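Have the sequence and the 3D view at hand.

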Amino acid sequence: MTSQPFSPFEAPALIARPGVSSLLTPDGEILTLPNKELTPLLRGFPPPLLVHGPEALRLLDLPSEPQPVPWFDLLELFLFVYPAQTVTPTPRGLALRLGLLDEHDDTPLRPDALYKITRLLLRRLEDIGHIPQECASLLPLAELIGKAGWSWAESVNAALTAASLKTGLPDTISSFERLKIWKTLPQWEDKAPRPQAGTQPISPLAARKRLAEILGPDAETRAGQADFSSVTSYAFHPREKPDEPNIVLAEAGTGTGKTLGYIAPASLWTEKNDGTVWISTYTRHLQRQIEQELTRLYPDPAIRREKVVLRKGRENYLCLLNLEEIVISALNRSPANNPTLIALVLLARWAENTADGDLQGGDLPGWFGDLFGPGLLSAIADRRGECIHSACGHYQSCFIENSIRKARYADLVIANHALTLSQASWNALVPQSLSPAGLTDENGVPSHIIFDEGHHIFDASDNAFALTFSGLETAELRRWILGNEGGRSRARGLYRRMDDLQEIFPPLKDMLQKLLLATQMALPQPQWSMRLQELREERASSLQEKNALEDSGPPAILDNPSEDFLQELDAILEARLLESVHPHEPEFRYGRQEVDLHPVTDNLLVATNNLIEALQKIVTPLDRLIAFLADQLEENAELELPLVQRLEALIRSLYRRALSPLQGWIAMLRAISTPPEEGNIPLYVDFIQRERFSAPRMGIEGLDIGLHRHWLDPTIPFASTLQGTTHGLLITSATLRDQQEADNDEQSWKKAEQRVGIPHFLKAPVRASLLSPFDYGQQTRAYVITDVSPEITSLSRAFQVLFEASRGGALGLFTAINRLKAVYKHIQEPLSQHDITLYAQHVDVMDNATLVDIFRTERHSCLLGTDSMRDGVDVPGDALRMVVFERTPWPRPDILHRERRRYLSGDNPNDYDDFITRMRLRQAFGRLIRRRDDKGVFVMLDRRLPTRLLSAFPHGVEIKRLKLAEALQEITGFLYPST
């Protein structure tokens with residue numbers, strides 16, 4: 001590309017698409033050419049005006065460029081003009097957001113539309129500039145970002161200057177000071193503790209009335225919605241005995257309107273009892289949907305912000321202390337060509353306008369990291385676990401603390417299953433020694449929880465209660481305790497974080513020194529991965545054809561108990577892999593590898609005993625440290641509130657991040673010497689696993705080896721953590737039961753109850769099932785294609801012609817990433833010739849949420865994805881009109897699944913596999929129809945799909961086994977009968 005033009009209106013305008021792109025040249029000619037032909041022409045033009053530069057470069061097969069980029073990216077201008085607002089990152093998305101295009105207008109945008117978008121954005125900036133205070137606030141930022149080389153600086157300065165000449169300006173501050181936004185953010189204030197919630201019940205009739213009030217007189221009548229609201233009211237009755245919450249297990253078919261159905265009794269209960277109800281989801285898109293639905297209950301935004309809070313883990317929020325460190329570091333360097341300043345200025349605009357400081361899925365667009373790299377967002381979040389709470393100078397402005405406090409006084413808290421289970425675990429399992437200090441979870445103790453997407457409880461519990469002793473996990477704990485041990489990390493160790501407390505409580509110094517020394521001796525030292533790799537290579541070269549397990553001899557001593565243990569795990573895995581895996585196959589050799597733990601070797605037993613002893617030396621001073629801090633809270637009533645808050649937060653942090661995992665590791669290690677007894681059902685599944693990793697924050701990458709422990713049935717800890725603290729639970733989903741058991745209603749309920757842990761609760765649930773109001777027989781078609789082979793060429797051809805028949809709006813689901821990428825490579829250019837844009841997870845430089853937003857906005861686009869897309873896509877209307885499965889989504893045949901199908905299947909392991917697979921198919925099919933006027937087609941390209949799995953589909957759906965050509969003819973006639 002030639003030198004940058006002064007004005008974006010002098011630049012060529014580029015709309016990049018897969019296969020074929022469009023360019024408006026400086027002399028006014030529109031070129032629509034294959035990307036291979038357009039790419040060399042671009043090199044002769046100035047940098048263009050475009051949308052999403054990194055994605056455009058990828059599509060045009062051009063090398064990426066670091067900031068400051070030479071082109072004019074309209075997304076960057078949008079960030080400056082509309083901070084804390086989101087937009088789909090495509091030309092159409094911007095045009096819709098700015099009112100240039102009607103949502104029903106499918107006409108492809110021409111490149112000259114980008115100039116119209118530019119004018120609207122700059123005109124909006126002029127309007128803002130007519131407000132003197134706003135203009136005075138923006139000009140220093142525009143000056144600073146211009147010095148850093150931002151391509152839009154001249155245009156932004158011109159717009160603001162023109163506005164300021166008309167209105168005049170108050171005094172402005174320096175551009176450097178202007179970037180220090182933490183000085184001007186509003187501060188929260190503590191309130192009196194909220195009283196314990198009341199116990200007044202909600203009657204079914206009252207729930208129905210509240211639902212009618214929310215819907216209004218003109219709302220669409222949904223069959224079953226009022227019935228659903230009635231039955232869920234039982235979860236809001238006071239429990240009659242300790243440890244016996246009232247549970248409602250409700251399956252509500254798609255379209256029932258279950259969100260408002262449970263919001264009705266929940267909101268009524270909060271009003272009557274001055275309490276909080278938590279609504280827990282598995283996916284981010286459902287959280288968004290619930291937020292949108294709540295606008296009907298609380299139409300006033302100010303009231304809604306007070307009544308409803310979206311809570312996430314600390315790692316999702318902006319940390320002002322981290323931001324300050326990065327800003328000060330950037331300002332100490334010359335602004336000229338300092339690319340970090342560009343991102344920091346745009347982040348400053350966002351931070352001053354954000355609703356809650358959420359960096360992930362909140363009002364910071366998901367594509368921000370695409371434009372400026374994910375590293376900055378990771379650095380400014382609280383992902384290192386080093387928060388010093390009330391000792392931080394930004395504590396009163398902290399987004400995290402503000403969110404926690406708002407949640408304590410909110411009526412409804414929306415969270416994900418992971419956070420909900422984390423806080424429930426603390427409240428249920430906090431040791432008695434800490435109970436006198438009143439250390440409940442920082443989020444409080446919710447008495448009523450609604451688990452939406454309840455079919456994910458098993459998987460969410462599996463993740464929440466699993467335990468891993470690996471190189472990465474142990475090195476992370478070492479870093480958290482010791483801090484930076486060299487390299488570029490800014491990590492602050494525990495000793496440094498507690499400097500001020502050591503002055504107040506002198507005994508802490510000795511405890512901390514013993515803790516640090518024990519940690520240095522026990523946990524993996526820096527470069528552990530490199531040393532393990534060297535030993536791995538030495539072992540491979542010396543053993544050759546010998547059996548490593550029998551002939552390895554005494555263990556090589558690394559003088560570190562954790563590294564010695566990891567080395568022995570690695571040796572066992574290598575030896576056992578050689579028995580069953582071809583080492584020359586990269587997929588097996590360097591992907592995720594696992595073997596059984598038992599039988600163990602003598603070398604491993606020796607390393608285990610040494611490791612237990614070393615870890616116990618960490619636990620002893622750590623336990624003393626926590627007990628000492630708890631004693632101060634209990635015995636010293638004169639402590640000031642900020643110090644009390646600091647000690648409480650520190651105790652939680654020490655327990656959660658250090659003591660709890662250490663105790664779990666020691667228990668797991670002690671079990672190594674005792675193999676499972678033959679014939680007994682094990683409580684846990686222990687196995688050795690190795691997989692590739694990349695940890696930029698820690699400056700390492702390679703192979704991580706570890707010992708993993710999962711509950712055989714993770715709903716056991718799920719039930720035990722909830723039944724003691726909760727009074728009411730609603731577990732709901734559109735896909736709780738397996739329709740294979742349609743003729744045996746009791747059996748289908750028992751299976752559903754087992755999957756969500758009901759047998760482990762003391763009190764039986766109230767069951768409810770409400771059918772979907774949709775006519776699936778009329779609104780959908782389903783096909784199993786019989787003449788497509790699994791070979792990539794045949795598979796690609798099938799995807800291409802199906803996507804062409806749907807004219808976009810199709811979702812392709814894959815069971816393997818490499819097959820997804822191969823199909824994408826084959827079909828993206830042919831589809832572009834039919835004006836169908838293809839997007840793909842693991843290919844496009846965008847996160848999943850952004851890809852789904854694009855897919856929803858671009859009606860003639862198609863999307864390829866893996867499992868996470870199956871649950872992450874919620875696209876009402878005809879933007880989604882086809883779902884295509886590459887092959888039957890059987891469960892992954894790993895060790896954990898092997899043990900669960902053996903012990904949890906009721907002596908019918910094949911049925912256990914079928915159940916999981918049917919539920920996956922059912923969930924995917926449910927994506928198709930979200931409204932009464934939707935139409936959709938489901939296609940399975942695996943001709944081996946067993947007939948017994950077809951019960952996954954709703955009643956009334958006829959599943960046809962046809963050749964591809966026959967299916968295409970029927971699909972076209974169904975989706976487009978008039979053509």
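In which loop is H389 found? H389 sits in the loop between helix 17 and helix 18. The model is predicted. H389 is not a glycine, yet its phi is positive, at about 55°. The cut-off for buried is under 20% relative accessible area; H389 has 7%, so H389 is buried.

D907 is another residue other than glycine with a positive phi, near 65°. D907 lies in the loop between helix 38 (895-903) and helix 39 (909-925). Exposed means over 50%; D907 has 76% relative accessibility and therefore counts as exposed. Most residues other than glycine have a negative phi, and most peptide bonds are trans.

Cis peptide bonds come next. Q67 and P68 are joined by one, with omega about 0°. P68 belongs to the loop between helix 2 (53-59) and strand 5 (72-73). H598 and P599 are also joined by a cis bond, with omega about 0°. P599 falls in the loop between strand 12 (593-596) and helix 29 (602-635).

Now the helix packing. Two packed helices are described by the angle between their axes and the distance between the axes.

| Helix pair | Angle | Axis distance |
|---|---|---|
| Helix 34 (792-806) and helix 40 (964-975) | about 20° | 9 Å |
| Helix 3 (74-81) and helix 5 (113-129) | about 20° | 10 Å |

Angles under 35 degrees count as roughly parallel, so helix 34 is roughly parallel to helix 40. Their crossing is right-handed. Helix 34 makes the contact through A798, V801, L802, A805 and S806, and helix 40 through L964, L968, I971, T972 and L975. By class, this contact of helix 34 with helix 40 has eight nonpolar, two polar and no charged residues.

Helix 3 and helix 5 are roughly parallel to each other too. Helix 3 passes helix 5 in a left-handed crossing. On helix 3, the contact residues are L74, L77, F78, F80 and V81; on helix 5 they are L114, I117, T118, L121, L122, R124, L125 and I128. The contact of helix 3 with helix 5 divides into eleven nonpolar, one polar and one charged residue.

Last, the aromatic rings. The whole structure holds 22 aromatic pairs. In one of them, the ring centres of W188 and Y395 are 5.3 Å apart and the planes meet at 70°, so the pair is edge-to-face. W188 is in the loop between helix 8 (175-178) and helix 9 (204-215), and Y395 is in the loop between helix 17 (374-380) and helix 18 (399-409), 207 residues apart. Both W188 and Y395 are buried. Elsewhere, ring pairs link F774, Y776, F885, F925, F938 and F953 into a cluster.

Key: Residues numbered from 1 in each chain as written. Predicted model: local features only at pLDDT ≥ 70, side-chain atom pairs only at ≥ 80, totals over all residues. Heavy atoms only, no water. Axes fitted to C-alpha atoms, helices over the stretch in contact; angles between N-to-C directions. Helix = DSSP H or I, 4+ residues; strand = E, 2+ residues; numbered from the N terminus. Parallel < 35°, antiparallel > 145°, perpendicular 65-115°, else oblique. Left-handed = near helix turned anticlockwise from the far one by under 90°. Contact = heavy atoms within 4.5 Å. Nonpolar A, V, L, I, M, F, W, Y, C, P; charged D, E, K, R; others polar. Phe/Tyr/Trp six-rings, centres within 6.5 Å; stacked < 30°, edge-to-face > 60°. Buried < 20%, exposed > 50% of the residue type's maximum accessible area, 1.4 Å probe, protein only.
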